[in-house]
Amino acid sequence: MSNNSTKNEKMESIVSLAKRRGFIFQGSDVYGGLSGTWDYGPLGSALKRNIMNLWWKMFVEDRDDMYGVDAAILMNQKVWQASGHVATFADPLVEDLKTNQRFRADHLIKDAGFSADGLTFEAIDNLIKEKGIKSPSGNDLSPVRSFNMMFRTNVGPVEDESSISYLRPETAQGIFTNFKNVVDTFYPDLPFGIGQQGKAFRNEISPRDFIFRSREFEQMEIEYFVHPEKWEESFEMWRQLVWKWCEAIGLPSSSVHELEVPAEDRAHYSKRTIDFEFDFPIGREELLGLAYRTDFDLGNIQRVSGKSMEYSVKGTNEKLVPHVIEPSFGVERAVMAVLSTAYTEDEVNGEKRVYLKLPAHLAPVKYAVSPLLKNKPELVEKAKTVYLMLKKQVGAVMWDDNGNIGKRYRRQDEIGTPYCIVIDFETLEDDTVTIRDRDTTNQTRVKISDILPPARA
Ligand code: GAP
């Protein structure tokens, strides 16, 4: 079996587990789906929330130099004109000349084993001709054209030019437009940052690879405002913090790689970008980005709005428009990296076992509590007491009395529950329970009062 098909098998197994066990479903599935959209079920939403809460705690709550905001998704169209998104937020689109299906030219080129990085549309056309690249159905392709990825809408009852707005394609602009508000209300010292989490929307030409490339997704972004002469030290600080983040969500450092993005491939606003790539089952792809955005955004806001974005450096007469370091994290890619790291197959007592080796602080369920036998009222009653006690302390605790103990363990393994607690007849005598460890499958007897809750995310 080729390496690629093994990788795709792993991806398929993860997608199937995610659906089967209530993590992630196709969006609008009941009506045949809506391409590029995904719904998080009870376990998926808990996993995603744990990842997002960890980020918020690590990068906003625990730091003195960070402020959180939650800006509106719909913004004045001038935001997207000033930011350059109306003019340049576009991908190269080609059409299958027979089926009229549309594709991203750079993806077809990559699938054919070449690269479109840094190429102009003309050069892409030439490469397609030169290498004889066809559509996936084997047909000729149209010349490349630019396709803007923003979803356009109208705000209010009148549909004219002045009511045009866009679903935000990045959360970053909601931060930049609040820069002055935060400065004027909190008087932060430079350097300081503003963080935001929330939905972003991109009309991707070809959404693919499960949640990896979606049309609606979630970002966690920081704009870190710095003195223009000191951008390099803050860039380095965030580079290290990104590595800390990868470690905090349990990604092996050997699977994370830095890619210094060459000038011709960087976004229009960036003077330096490092893409942090991850070895996903679909291959090595971008997990998150770290960019030096200079004063591009605040400068544009100042120019277009006519309002000063200058910051008065405390204790000096210096006034300046700060420069910006931007670590930009995608939630879906974090979820996918965490799931693919956690997905494990092994053998227990000669039987294949599938389990999610999730870090306990990210696991949607921390403890499953069961009575050994569900038809023994005294066991059920005692188990309920333990369940309610833990639920109060930990929150994410599941009651599970379905099927025999072996089946319960398998079910909990599949959703990544680190510990299963079983109440048996011995419990009634000495207040001890069996705790079974997901990864080792070892069982130990522990006093109920000694059960330690795993750290909350
Ligand atoms: N504000 C900068 C910015 O948005 P980006 O590299 O376009 O930069 C940042 O996006 C991150 O958002 C990516 O590294 C990725 O994790 C996530 N992301 C971007 N497009 C996505 C998509 N279509 N589906 C899922 N995640 C996406």
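Entry 1: I noted that the model is predicted. I looked up the domain assignment of the chain and found domain 1 at 3–76 + 158–339, domain 2 at 90–148 and domain 3 at 365–456. I then looked up how far apart the centres of domain 2 and domain 3 are, and the value over C-alpha atoms is 55 Å.

**Entry 2: what surrounds the ligand.** I asked how many residues surround the ligand. The shell holds 21 residues, and the closest are E170, R202, E204, E221 and E286. By class, I found seven nonpolar, five polar and nine charged residues in this shell.

**Entry 3: atom pairs at the ligand.** I looked up the distances from ligand atoms to N or O atoms in side chains. For R202, an oxygen atom of the ligand lies 2.8 Å from such a side-chain atom. For Q219, the distance from a ligand oxygen atom is 3.1 Å.

**Entry 4: elements around the ligand.** Which elements give two or more residues to the shell around the ligand? I found strand 11 (216–226), strand 14 (283–294) and strand 17 (323–330). Strand 14 gives the largest share, five residues.

**Entry 5: the second largest pocket.** I looked up the volume of the second largest pocket and noted about 420 Å³ of space. Its lining has 21 residues, with V79, T177, I301, S305 and M309 closest to the centre of the pocket. The lining takes at least two residues from each of helix 3 (77–82), helix 7 (172–176), helix 8 (179–186) and helix 10 (296–305). Helix 10 supplies the largest share, five residues. I counted the classes in this lining as eight nonpolar, nine polar and four charged.

**Entry 6: a cis peptide bond.** Most peptide bonds are trans, so I looked for exceptions. The bond that joins L190 and P191 is cis, with omega at about -5 degrees. I placed P191 in the loop between helix 8 and strand 10 (192–201).

**Entry 7: a positive phi.** Most residues other than glycine have a negative phi, so I checked this angle too. N349 is not a glycine, yet its phi is positive, at about 50 degrees. Where is N349 found? I located N349 in the loop between strand 18 (343–348) and strand 19 (351–356).

How values were computed:
Residues numbered from 1 in each chain as written. Predicted model: local features only at pLDDT ≥ 70, side-chain atom pairs only at ≥ 80, totals over all residues. Heavy atoms only, no water. Near = heavy atom within 4 Å. Polar contact = N/O pair within 3.5 Å; in protein donor to acceptor, adjacent residues only side chain to side chain. Helix = DSSP H or I, 4+ residues; strand = E, 2+ residues; numbered from the N terminus. Nonpolar A, V, L, I, M, F, W, Y, C, P; charged D, E, K, R; others polar. Domains from an automatic or database assignment. 1 Å grid on protein atoms, 1.4 Å probe; cavity = no way out; pocket = protein on both sides within 12 Å on 5 of 7 lines; lining within 4 Å. Points joined across faces, edges and corners; volume = space filled by probe spheres on them.
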